[in-house]
Amino acid sequence: MHNNQPTQFIMTRQSVLPFELSMGEVFDYLGLGGIQKYETKLLDRINIDKMPIRIKDKNNTLVDGCLIYDIELHEKAYRQFDKTTPFIPNNRYKILSVVNDTSDTIISVSTNNIIITTKQMYATRDEITEYFRQDIQTDLPTLNTKTKSTKPKSESKTDERVREFNQFCEERAEEKNLLNSQHQTIYDSFHPPMTKADFYKELYKHNREIFNFNSGDFFADQRVKITFNKAARSR
């Protein structure tokens, strides 16, 4: 009897949900607290846990209706204390990448400067209930009548690029018989000294698919530890 209660709970919650849920309704459904107070939980829920949240922006056909894959906090909400400070009522987020449903591919949009608030986010009933069901099954394994394989969480494109860069460094260190594969050592192994753009071209040659991306965002990642030679000239 006890084992049936969570299943009945899920069915009841799903049966009363609208086809599209606002972020307030999503937070209420998942028990995350009030959206205004706890909306920064979105970053971990979307980026790490891959909570299925879509974008509603009729003025931007590139991302309208797409699932958010990577997102970052662009500007925190704050109250207006003086007339020179613009009032921002909600946290604003920058979209870094989205999922194209048609081709099932991840598209980087970080250079498009797409800034939205939670008012332009929504979830579909089927996707959010499935997401909730997976959480329940993880927390209550007795619900599973059969042994199921756990699908690993998808690696973000940012993490993938850093991982591939480290692989590039290891290969370069072995090829050139360098003392180590530290980022700075690898950069310094190229002669004459390279500009940031030229060094990124080397990464692009290494893996055209992964490094077909904005170089500025890549080198801004604090995990990439390189001090570029100011005397370097473009080749």
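Helices (H or I, at least four residues) and strands (E, at least two) are DSSP runs, numbered from the N terminus. The structure is a predicted model, in which local features need pLDDT of at least 70 and side-chain atom pairs count only at pLDDT 80 or more, while totals for chains, interfaces and linings use all residues. Residues are numbered from 1 along each chain as its sequence is written, and side-chain values use heavy atoms, with hydrogens and water left out.

Strand pairing was examined around β4, where two strands pair if DSSP finds at least two bridges between them. Strand β4 covers residues 92-100 and runs antiparallel to β3 (residues 67-75), to which 7 bridges join it. Within this pairing, I71 has I95 of β4 as its bridge partner. Strand β4 is also joined to β5 (residues 105-108) by 4 bridges, again in an antiparallel arrangement, and V98 stands opposite I107 of β5. The hairpin of β4 and β5 has 4 residues between the strands, and D104 takes a positive phi near 55° there. A further antiparallel pairing, with 2 bridges, links β4 to β6 (residues 115-116); here K94 is opposite I115. In a regular strand the side chains alternate between the two faces of the sheet.

The loop between β5 and β6 contains N113. This residue is not a glycine, yet N113 has a positive phi of about 55°. N113 is partly exposed, with a relative accessible area of 48%; buried means under 20% relative accessible area, exposed over 50%, and partly exposed in between (1.4 Å probe, protein chains only). N177, in the loop between α6 and α7, also has a positive phi of about 55° without being a glycine. At a relative accessible area of 68%, N177 is exposed. A cis peptide bond, with omega about -5°, joins H191 and P192. P192 is located in the loop between α7 (183-188) and α8 (196-206). Most residues other than glycine have a negative phi, and most peptide bonds are trans.

Charged side chains were considered next. A salt bridge is a side-chain nitrogen of Lys or Arg within 4 Å of a carboxyl oxygen of Asp or Glu. By this rule the model has 11 salt bridges. One of them is formed by E75 and R92, with the closest N and O atoms 2.7 Å apart. This pair links distant parts of the chain, since E75 is in strand β3 and R92 in strand β4, 17 residues apart. Both residues are partly exposed: E75 has a relative accessible area of 26%, and R92 has 31% relative accessibility.

A salt bridge also connects D159 with R223, the closest N and O atoms being 2.9 Å apart. The two residues are in distant parts of the chain, with D159 in helix α6 and R223 in the segment after α9 (215-220), 64 residues apart. D159 is partly exposed at 32% relative accessibility, and R223 is partly exposed with a relative accessible area of 37%. R223 forms a salt bridge with D221 as well, with a closest N and O distance of 2.9 Å. D221, at 15% relative accessibility, counts as buried. Salt bridges that share partners join D159, D221 and R223 into one network.
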